[in-house]
Amino acid sequence: MLKQEIEDGQSSLADPAFRADVLGGLAARPRAIPARWFYDRRGSELFEAITRLPEYYPTRTETALLEQAGPELGALAATNAAVVEFGSGSSAKTPLLLRAIDPAAYVPIDISGDFLRQSARALGQAFPGLPVHPVEADFLRPVPLPPQVASLPKLGFFPGSTIGNMNAWHAVELLRAMRAWLGEGARLLIGMDRIKPVEVLVPAYDDAQGVTAAFNLNLLERINRELDGTIPVAAFAHRAIWNAHAARIEMHLEALRDVEFTVDNRPFALTAGETIHTENSHKYGPNGARQLLRAGGWTPIREWTDPQDWFALLLCEAQPLRTAP
Ligand code: TRP
């Protein structure tokens, strides 16, 4: 095949949901593209680099909390649990949990297929004898769990404050879907980021090395690659702002000058200063966090936080279908 044919073929092979979200999102006001499209191979790698940045406190804080919680988790968890991880990425924190509770199976779910299989393989080697059943899926649209884990009690693992990337309405919807998906008697171990001073929050999403900027801008490059886009990426800048009213960090891509481009042959124009909204990261205080979980069908039963109260790890129980009164 000629190079041109391959490139043409790439556009027609592009994920139709990606195309629809991008075309719809660029045409809408305010302009916004759903964050799940960050995570192509390059985006997933850049995200792993973010988790190692000095400014990005959530990963190391949560990892320390997992270490600290280990013995207690081991005592609290069911002996033959299946751990189901939502948005597993590189599964970097997973070994800590698996070592603590010694589960009967591990089910990593991630949207980035090759990334998922690679980390599932590495994990299988680190834990010989542990059945690993990777599921390539967007956990926002539940697919059936592997039949091998059907009869095992489930421990959902949802670290990284990923719940914060949804607004409260979608977060509650997802928590309820997880509650239905994991079943009666299930537990959920979830990481939630705290509200904290803006001088700590903003650099975590706008680091000195520009890795988060590269991660945000990779979305435009992905559009150019996969949707035949002509976006002048250098004419955009990464912005991270704290929206105090909504208690969230927002990431935007701001046009530095008037720009015109096409995506899939459709024309778009942004004036200087206009932005494309690409991500939210909601932060919760102690009560807000517990309230959100309860609204989603989960009762918090144990909570771990660091001395600065920058991040919280909460263990929850699936609410029974009916509670008195
Ligand atoms: N859920 C994490 C957070 O909000 C990770 C994350 C999602 C993230 N999208 C991001 C981190 C964009 C940096 C930039 O912090």
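**View 1. Gly156 and Leu188 in the predicted model.** Gly156 faces Leu188 of strand S6 in this predicted model. Strand S5 (residues 154-158) and strand S6 (residues 187-193) run parallel and are joined by four bridges. Helix H10 (residues 286-295) packs on the sheet, where it touches S6, S12 and strand S13 (311-318). The direction of H10 makes about 150° with that of S12.

View 2. Seven strands make up an open sheet of mixed pairing, in the order S4-S3-S2-S5-S6-S13-S12. Strand S4 (135-136) and strand S12 (298-305) are the edge strands, each pairing on one side only. Helix H6 (residues 113-126) lies across S4 and strand S3 (105-110), and runs at about 160° to S3.

**View 3. Helix H2.** Helix H2 covers residues 16-27, and its end C-alpha atoms are 16 Å apart. This agrees with expectation, because 12 residues at 1.5 Å a residue should span 16 Å. At the start of H2, the backbone nitrogen of Ala17 has a side-chain oxygen of Asp15 within 2.9 Å. The buried residues of the helix are Phe18, Arg19, Val22, Leu23, Gly25 and Leu26.

**View 4. Surroundings of the ligand.** The ligand is surrounded by 14 residues, the closest being Tyr56, Asn165, Tyr205, Glu279 and Ser281. A polar side-chain atom of Tyr56 lies 2.5 Å from a ligand oxygen atom. For Ser281, a polar side-chain atom is likewise placed 2.5 Å from an oxygen atom of the ligand. Asn165 has a polar side-chain atom 2.7 Å from a nitrogen atom of the ligand.

Notes. Residues are numbered from 1 along each chain as its sequence is written. This is a predicted model: local features need pLDDT of at least 70, side-chain atom pairs count only at pLDDT 80 or more; totals for chains, interfaces and linings use all residues. Side-chain values use heavy atoms; hydrogens and water are left out. Helices (H or I, at least four residues) and strands (E, at least two) are DSSP runs, numbered from the N terminus. The expected span of a helix is 1.5 Å times one less than its number of residues. Buried means under 20% relative accessible area, exposed over 50%, partly exposed in between (1.4 Å probe, protein chains only). A polar contact is a pair of N or O atoms within 3.5 Å; within protein, one must be able to donate a hydrogen and the other to accept it, and residues adjacent in sequence count only if both atoms are side-chain atoms. Two strands pair if DSSP finds at least two bridges between them. Contact means heavy atoms within 4.5 Å. Axes are lines fitted to C-alpha atoms, for helices over the stretch in contact, and angles run from 0 to 180 degrees between N-to-C directions. A residue is near a molecule or strand if one of its heavy atoms lies within 4 Å of it.
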